[in-house]
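Hi,

Here is the structure I said I would pass on to you. My notes on it follow just below, so do have it open while you read.

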Amino acid sequence: MYPTSRVPVAQPTGIGPPVGPVGLRLHIGRRGLLSGLALLGASALTGAARPGGPALRSGVPDCSRRRELRGVWIASAGNIDWPSRTGLSAERLRADFEGHLDRSRALGLNAVFVQIRPTADAFWPSPFEPWSQWLTGTQGQDPGWDPLEFMVRAAHDRGLAFHAWFNPYRVSMQPDPARLAADHPARRNLGWMVRYGRGLYYNPGVLAVRRFVQQAMMDAVVRYDIDGVHFDDYFYPYPVAGQDFPDGEAFAAHGTGFSDRAAWRRHNVDLLVREMRDLVRAARPEAAFGVSPFGVWRNASSDPAGSATRSFQSYDGQYADTRAWVRNGWLDYIAPQLYWPIGWAEADYRTLAQWWAAQARGTDTQLWTGQFAARAGAPGGPAAWADPAELSRHLTVDARLPQIGGTILFSATALWADRIGAVSRLAADHWQHPALGRVLPRLATAPAPPPPVARLTPGALTLTSGPGAPPFQYAVYRRDPVTTPGPGPLPPPDPGDLIALVPGPTGCLTLPAASPAVHYAVTAVDRANRESPATPVEATAAQGVPSFRGISVPFR
C-alpha cells in the first residue's frame, strides 16, 4: 500500500464527531458514546438534519445503498494514522484510537481495517513475535496493556466491524537485521530472511516461513473477536530497479517442477492465500478473509484477459494472481486499490472498476474498491486530485456497477483532515443515510437473529434483544405513513428509510414528535449483518412518543 500512498497529510482538523444530536437522539448508556453519533452519519459533515436527510446538489444522483461496506484503513506502519507517534501513554493511545472510531461513525462508516502486524511484530502480546516498534519506539518493549483487545472492544461498542490487517512477509522497512529485536524470529532463523532494496523480508519460498507467518497471524485470529482478516498489496515486495529478489537458493531447493521462477513464486503466494482462507474459516467461521491488492492484475497488452491499462502488473511484479483468487473462491472479498483518477491514461478508474466488476460477476467474492483519499488535494499531484468532486465521482461509477458492494478509504488521518473537502463532498453525495454491512454469500443461509423487543419509557424507546444471542446492533427504519398505513407486511426498505444503527445489546432511542403519525420498524442485526424480521413501532402526534404495536413482521 505504501509505494503509492507516501504523500504528506495535514493534521486532522476538518472532520470530527458531531457536537450534538440532530432531530433524533441516541443513548448508549455504559458505552459512553457521543449522543447521536450512530444516527448522524454523513450529516455530521454537512449540517443537514435527519431523518429526511439533506438534499443532493443539483445533478448528483442519490447513490445511497442500504447495504454496503464503508471502511477506512487505519495504518500503524510509519505511524501514519495510529499511533500518531511512538512513546505515547496508554491513555493517550486509547483516546486517539477512540477518536478515529468516533469520526468513522460520524462519517457513516461501518468498518475499520486496522494494521496490527505491520512489520513482523505485533499489537498484541504474541508468543511468536515481538511487540511492535510503532507503539513504543523500541521493538519488543511491552507497552503494559493489550492494544488489540481494547481496539476490538471499542470498535464493537460503536457498532463498527473490526478487520485485522496483517502484512505477511515484510520484516522491516530498513535493511539492517541488527536493528531488529534480539529475540526476533528473523534473527534466530537467518535463512528465512532476505535483504532487498531498503527493507527486510521473509522469503515466501521457504516452507517454514509460510508455516510460521500463518501461525503468528492465526494467534490473533483465534484469541481475539475480530470480524475479518485483511491482507494488503504486499506479498513479494515491489520490484527494485536493477535487483532481483534473492531467492535463488530457495528455488533450487523447493522449486522442483517449476522451470519458471515466476510461476513458482506465484505458487508460493497462492498457497499462502488459499491456506489462510482455510485456517481462518476453521478458527472463526463467520470472519471475512480478503485482500486489497494493487489495482492492476495484468494489462491487456500482456494478457487478453487483462485490463485496458498501461501500468505495473501485480501478477508479474508481485506474483499475486489476484484474478485467480477471485475466480477460485479463495477470498470472501477483494478490494483492489484503484488509486488513479477518472481519465488517467495509464490506469483509468472507470476502466478498472468495470474490469474488476467483470471478474467478480458470477462469483461469491465480494468486490469493494480501495480509494486513495490521501491524494485529494495533496500538493504536486495530478490536476484531477485537486478537484473536490473526484472521489465522489468514483463512488458514482461504483454505484452503477452492481458487483461493487462498498469501498475502503486510505487512510484515517487524511479523511479527518479533509484537505479540500473531498471527503465531505463524497459523504454528502453518497452517504446520506447509514448503511448495513454486506452479508457474505456463504453466510446468508444461516438463521437470522430473532426480532428485537421494544419497550416504551417516558420519551424514549428502549431496544433489547429477543431470545437467544444478543444482536450486534439494531437498525431503525422510518416508514412513510402513506405507503405503510398500518400493521402488516412491510414493503422492502428503501435506503432512505434507514435512519439509525444503534449498537447492541441494549440501546435507547428518542424519536421526535411526529405529525402526522409516523411509522417506524426496528430489526436486530448480528455480526454477520444478517437481519431479523422487523418489529413495527408507531409514533403518534398526540403522544409525541412512540407506541409499541407488539408484533413482528418480515420485510417482503
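The loop between β18 (518-525) and β19 (535-539) is where you will find Asn529. Please keep in mind that this is a predicted model. Asn529 is not a glycine, yet its phi is positive, at about 75°. Is Asn529 buried or exposed? With a relative accessible area of 13%, Asn529 counts as buried, because the cut-off for that class is under 20%.

The relative accessible area of Asn79 is 15%, so Asn79 is buried by the cut-off of under 20%.

The loop between β2 (69-74) and α3 holds Pro83 as well. Pro83 is joined to Trp82 by a cis peptide bond, with omega at about -10°. Another cis peptide bond links Gly504 and Pro505, and there omega is about 5°. Pro505 belongs to the loop between β16 and β17 (507-510).

Next, helix α5, which spans residues 147-157. How many of the eleven residues of α5 are buried? Nine of them are, so the helix is largely enclosed by the rest of the structure. The buried set consists of Pro147, Leu148, Phe150, Met151, Val152, Ala154, Ala155, His156 and Asp157. What do these residues pack against? Their partners are the helices α3 (90-107), α4 (133-136) and α7 (207-223), together with the strands β3 (111-117), β4 (161-166) and β16 (498-503).

Just after the helix comes Gly159, whose phi is positive at about 75°.

β5, β7 and β6 form an open sheet of three strands, in the order β5-β7-β6, and the pairing is antiparallel. The edges are taken by β5 (170-172) and β6 (193-196); each has a single partner strand, so one side of each is left without a neighbour in the sheet. From one strand to the next, the twist averages 35°. Strands of a sheet pair through backbone hydrogen bonds, either parallel or antiparallel. In the antiparallel pair of β6 and β7 (residues 199-202), four bridges join the two strands.

Last, a pair of helices. The axes of α13 (residues 390-399) and α15 (residues 422-430) come within 7 Å of each other and cross at roughly 35°. That crossing is right-handed. Which residues make the contact? On the α13 side they are Leu391, Ser392, Leu395 and Thr396, and on the α15 side Ala422, Arg425, Leu426, Asp429 and His430. Sorted by class, the contact has four nonpolar, three polar and two charged residues.

Enjoy looking around, and do write back with any thoughts.

Best wishes

Definitions and conventions
Residues are numbered from 1 along each chain as its sequence is written. This is a predicted model: local features need pLDDT of at least 70, side-chain atom pairs count only at pLDDT 80 or more; totals for chains, interfaces and linings use all residues. Side-chain values use heavy atoms; hydrogens and water are left out. Axes are lines fitted to C-alpha atoms, for helices over the stretch in contact, and angles run from 0 to 180 degrees between N-to-C directions. A crossing is left-handed if the near helix is turned anticlockwise from the far one by less than a right angle, and right-handed if clockwise. Contact means heavy atoms within 4.5 Å. Ala, Val, Leu, Ile, Met, Phe, Trp, Tyr, Cys and Pro count as nonpolar, Asp, Glu, Lys and Arg as charged, and the others, Gly among them, as polar. Two strands pair if DSSP finds at least two bridges between them. Buried means under 20% relative accessible area, exposed over 50%, partly exposed in between (1.4 Å probe, protein chains only).
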